[in-house]
Amino acid sequence: MTTQAADAASSTKIVARDVSVFYGAKKAIDAVSIDIDQDHVTAFIGPSGCGKSTFLRSFNRMNDTIPNARVEGSITLDGKDIYSSDMDVVQLRARVGMVFQKPNPFPKSIFENVAYGPRIHGLASGRAELEEVVEKSLRRAGLWEEVKDRLNESGTALSGGQQQRLCIARAIAVDPEVILMDEPASALDPIATARIEELIHELRGRYAIVIVTHNMQQAARVSQRTAFFHLGHLVEYGDTRAIFTNPKQERTKDYITGRYG
Amino acid sequence: MSELNASLVPQLPIVGVDAHEPVARKPTDWRTGSMQGRIRRRYAAERRFRLIGAGAVVLAAAFLAFLLVTMFANGLRGFTRTEVALDIDFPRSTLIVDQTAVQRFGEQGLAGADLQGVVAAAANARLGPGGAALLSDGAWVEVRRAILEDPAILSGVHRFELPAAAAIDVAAKGDGAADAEVQVARLRERGLLSTGFNGQFLTGADATDPTAVGIWGAFKGSLLTMLVTLALAFPIGVLSAVYLEEYAPRNRWTDIIEVSINNLAAVPSIIFGLLGLAIFLNVMNLPRSAPIVGGLTLALMTMPVIVIAGRNAIKAVPPSIRDAALGVGASPVQVVFHHVLPLALPGILTGTIIGMARALGETAPLLMIGMRAFISSPPEGLTQPATVLPVQIFLWSDEVSRGFVEKTSAAIIVLLVFLLAMNGIAIYLRNRFEKRW
Ligand SMILES: Nc1ncnc2c1ncn2[C@@H]1O[C@H](COP(=O)(O)OP(=O)(O)OP(=O)(O)O)[C@@H](O)[C@H]1O
Ligand SMILES: [Mg+2]
């Protein structure tokens, strides 16, 4: 592989082809094909229940944990099929981090919440290095100043918005290649939201980022690519600016102008 | 960004709900009769419920207090014994023992010495004809122990406080037969009777003479049996619960297993005794009456309780915690041991307490595997014949001799203390793990 080819390959991180996701007999995602860029932030938008979370969860095989969920089609990460039998799911999830729609900190101390991932993957040798990783992750998530004096207090005693930032810190602490964020700012105030968006700007380029959001302004602000989903279909996917200024599909236009939701 | 603001995106997205005309609506009047009545009834229901709850608690507490008071009133006497003072003049007795030999050779120096006869003779001489019958059969053992401790007493007259015979003991505690009462009165007059702590009861095992019985044998039997039960039922129960909840696929087989386990928890305990008899004794040829067999049998009985409690506790751990751990790349085993089990442990321990408490009080299945034998020495190991506290209580309560009545109550106190200690440890552990975040 030449350097040229490697560069070309690395610019597309995830390739999904004809992906359908079923819950039992119910089809939640219908034959979606999409390329996720390494260097860009991709936003998934669409009305509630259209399958954004479902599709996002198929990128790190979190749908495996739902007993009757089934994924068809192919999804590759760096050209390797993540649903092939020789894919190590545990490693995949360390490489593809996730911030869930509902904040779900561990019922452990703030420090432990962030340190857990690096510890189980052996990413830090010794306490000092671990503390460094924790501080760096909390700083990036914009939470450090608020919690630096109470790292030993419970993560669940934080406010909803603080919990969500803690979950972001936990996800970036394992230094993933891709970060999937399912409405990371839905519980945050404008200031914390701005901080998350700053964080996304800062992380862009180093990580491939996919973010689900219901906030059109946010999608427009943070993303370079936008995918609009409706009833399990990918209706339109393209440059964010193009989608928001000149959507090709009538449904996209109706949605982003708020005519239905 | 400004060009976007000027674009199609509105500043405040309109929520896509049809705007209905507001329906004209009368404000709720909370002061009407029916409204007030409803509020009053709500308060009354609240009060009623609280009263019923408090009543139930008071009733339960009263039963418990009654049980404890009667138990202790009867049982505490079992820990004391009546002692008769007896002077033995060794140089003038028929005892032919060399003091220096005892000093040098210990027990061997006393070999062949008829201490029993010496004590009987001294008793007949000092306490009047029939004096030997006033002393417990085992009284000479104490004399022997005293000599071994300090052989110097062989050189002169020594006063011993020896345990009284069962009839005298019962009479001295105010519950005896008429002739014994007379003898007690005579001994009291001469100032020879006293009450001492019954050390024998805490260190000995079963005996035919109620003044010589001890609870230590049964206590140790219970301890060993419970250790076997815990060591088997806890890990197997918890691991089964984890496997069934976290790993096993949901299909017909796991359904059958679930139903079987639930039924197993409801099977009468004597059936487990028969099972233990058939498998552990008849097929596997394990020793009869041994704590290992008792422990195995009780483990069979306790395990389903732990499995059920464990599964419920594991089920109660929110799935979002599992998602969170899986999401940072924890393996399923790490999810279980780092997150699920620590959160489920208090619930699992509660189930374990219940199961173990039931096992500790269990008599029927142990009767089936022969733990009801008369065992006069504490078990030395898991394979030695032993009995357990509830069986010992059952055996003593069956005795005709009156001396056993208070021993039975005393044994019940020991059983309750054992139970409380066990539960105390479990509750302490539970609270430690329950450090909720
Ligand atoms: N565990 C599940 N079992 C069965 N159906 C599910 C499950 N999770 C989601 N669904 C269904 O799949 C569809 C897509 O759900 P999904 O959570 O992906 O929507 P979403 O786009 O993320 O919505 P929202 O914006 O409200 O989060 C919905 O119709 C939902 O009812
Ligand atoms: Mg969602």
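**Note on the interface, cores and salt bridges**

1. Across the interface of chain B and chain A, six residue pairs are found in polar contact, both residues of each pair being at pLDDT 80 or more. The model is a predicted one, and the points below should be read accordingly.

2. On the chain B side, three helices, α1 (2-5), α13 (319-327) and α14 (332-360), each supply at least two of the residues that touch chain A. The largest share, seven residues, comes from α13(B). By type, this side of chain B divides into 15 nonpolar residues, nine polar and two charged.

3. The contact draws 38 residues from chain A and 26 residues from chain B. The area buried between the two chains is about 2700 Å², and carbon and sulfur atoms give 66% of that area. The count of salt bridges between chain B and chain A is zero.

4. Over all chains, the whole structure holds 34 salt bridges. One of them joins R95(A) to E177(A), with the closest N and O atoms 2.9 Å apart. R95(A) belongs to helix α3 (residues 89-95) of chain A and E177(A) to the loop between α7 (160-173) and β7 (178-182) of chain A, so this pair ties together parts that lie 82 residues apart in sequence. R95(A) counts as partly exposed, at 21% relative accessibility; E177(A) also counts as partly exposed, at 25%.

5. A further salt bridge, between E131(A) and R127(A), has its closest N and O atoms 3.2 Å apart. Both residues lie in helix α5 (residues 127-140) of chain A, four residues apart, which is about one turn of the helix. E131(A) is partly exposed at 38% relative accessibility, and R127(A) is partly exposed at 48%.

6. In chain B, R81(B) forms a salt bridge with E83(B), the closest N and O atoms being 2.9 Å apart. R81(B) counts as buried at 13% relative accessibility, and E83(B) counts as buried at 11%. Elsewhere, salt bridges with shared partners join E245(B), R250(B), E258(B), R311(B) and K315(B) into one network.

7. The largest nonpolar core has 56 residues, and those with the most contacts inside it are I34(A), F44(A), F55(A), F59(A), L180(A) and F229(A). The largest share of this core, nine residues, comes from α14(B). Beyond its neighbours within four places in sequence, I34(A) is in contact with residues including I14(A), F44(A), F55(A), F59(A), L234(A) and Y237(A). A second, separate core of 48 residues includes V114(A), A173(A), I211(A) and F228(A).

Methods:
Residues are numbered from 1 along each chain as its sequence is written. Chains are lettered from A and ligands numbered from 1 in the order in which they are written. This is a predicted model: local features need pLDDT of at least 70, side-chain atom pairs count only at pLDDT 80 or more; totals for chains, interfaces and linings use all residues. Side-chain values use heavy atoms; hydrogens and water are left out. Contact means heavy atoms within 4.5 Å. Buried area is the accessible area (1.4 Å probe) that two parts lose on being put together, summed over both. A salt bridge is a side-chain nitrogen of Lys or Arg within 4 Å of a carboxyl oxygen of Asp or Glu. A polar contact is a pair of N or O atoms within 3.5 Å; within protein, one must be able to donate a hydrogen and the other to accept it, and residues adjacent in sequence count only if both atoms are side-chain atoms. Ala, Val, Leu, Ile, Met, Phe, Trp, Tyr, Cys and Pro count as nonpolar, Asp, Glu, Lys and Arg as charged, and the others, Gly among them, as polar. A nonpolar core is a set of buried Ala, Val, Leu, Ile, Met, Phe, Trp, Tyr and Cys residues joined through side-chain atoms within 4.5 Å. Buried means under 20% relative accessible area, exposed over 50%, partly exposed in between (1.4 Å probe, protein chains only).
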